[in-house]
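Here are my notes on the model you sent over. Have it open next to you as you go through the points.

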Amino acid sequence: MKNCIVLFFVLCIVLTQELFASPPESFYQQQWCNLKGGQAEFTLQDRTRVDCLTETHSVEVDFARKWAEAIGQSLLYSSMTGKRAGILLILRTPNDDRLLNRMESVIQHFDLPIDVFTL
């Protein structure tokens, strides 16, 4: 009986985490890209993939904690596609605003040709 009670509580914890877990990056990527009429997961010559290629932008989609990586990837994709670099930064918590501010500071300081979108 004791084992059944422990198993019940473990299952409750696992199911609760699943119910309240935020969607993966790909969920946001697909929704935003569809909204913008872009092509998700566009494969480049070197086999890297642009998260969303629109008529005007090659967009890297990342959670806020990966803002620095997003800068480099968006510039690479822009150089390979000839389209303007873009970053869709996914903000999930109030603290993510500080990461957005960091990213925008770096972009502004170096005058990088990157457009920033948030979700």
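1. Helices (H or I, at least four residues) and strands (E, at least two) are DSSP runs, numbered from the N terminus.

2. Some ground rules before going on. This is a predicted model, in which local features need pLDDT of at least 70 and side-chain atom pairs count only at pLDDT 80 or more, while totals for chains, interfaces and linings use all residues. Residues are numbered from 1 along each chain as its sequence is written, and side-chain values use heavy atoms, with hydrogens and water left out.

3. Back to H3. Its buried residues are Trp67, Ala70, Ile71, Ser74, Tyr77 and Ser78. They sit on the same side of H3, because they cover an arc of only 140° around the axis. That arc is taken from the directions from the helix axis to the C-beta atoms. As background, an α-helix has 3.6 residues a turn, so residues three or four places apart point the same way. "Buried" means under 20% relative accessible area, "exposed" over 50%, and "partly exposed" in between (1.4 Å probe, protein chains only).

4. What lies over that buried side? The cover includes E2, E3, strand E4 (84-90), helix H4 (96-109) and E5.

5. Now the disulfide (a pair of cysteine sulfur atoms within 2.5 Å). A search of the whole structure turns up 1. Cys33 and Cys52 form the link, with their sulfur atoms 2.2 Å apart. The pair joins distant parts of the chain: Cys33 is in helix H2 and Cys52 in strand E2 (residues 49-53), 19 residues apart. The link is right-handed, with 85° about the S-S bond. Cys33 counts as buried at 0% relative accessibility, and Cys52 is buried at 0% too.

6. On to the rings: there are 3 aromatic pairs. Rings of Phe, Tyr and Trp (its six-membered ring) pair if their centres lie within 6.5 Å; planes under 30 degrees apart count as stacked, over 60 as edge-to-face and the rest as tilted. Tyr28 and Phe63 are edge-to-face, 6.1 Å centre to centre with 85° between the planes. Tyr28 lies in helix H2 (residues 25-35) and Phe63 in strand E3 (residues 57-63), so the pair ties together parts that are 35 residues apart in sequence. Tyr28 is buried at 15% relative accessibility, and Phe63 is buried at 9%.

7. Trp32 and Phe117 make a tilted pair, 5.2 Å centre to centre and 50° between the planes. This pair also links distant parts of the chain, with Trp32 in helix H2 and Phe117 in strand E5 (residues 114-118), 85 residues apart. Trp32 is buried at 8% relative accessible area, whereas Phe117 is partly exposed at 24%.

8. Ring pairs link Phe27, Tyr28 and Phe63 into a cluster. Arg92 lies over the face of Phe63, 4.0 Å from the ring centre; the test for such a charge is NZ of Lys or CZ of Arg within 6 Å of the ring centre and within 35 degrees of the ring normal.

Key: Contact means heavy atoms within 4.5 Å.
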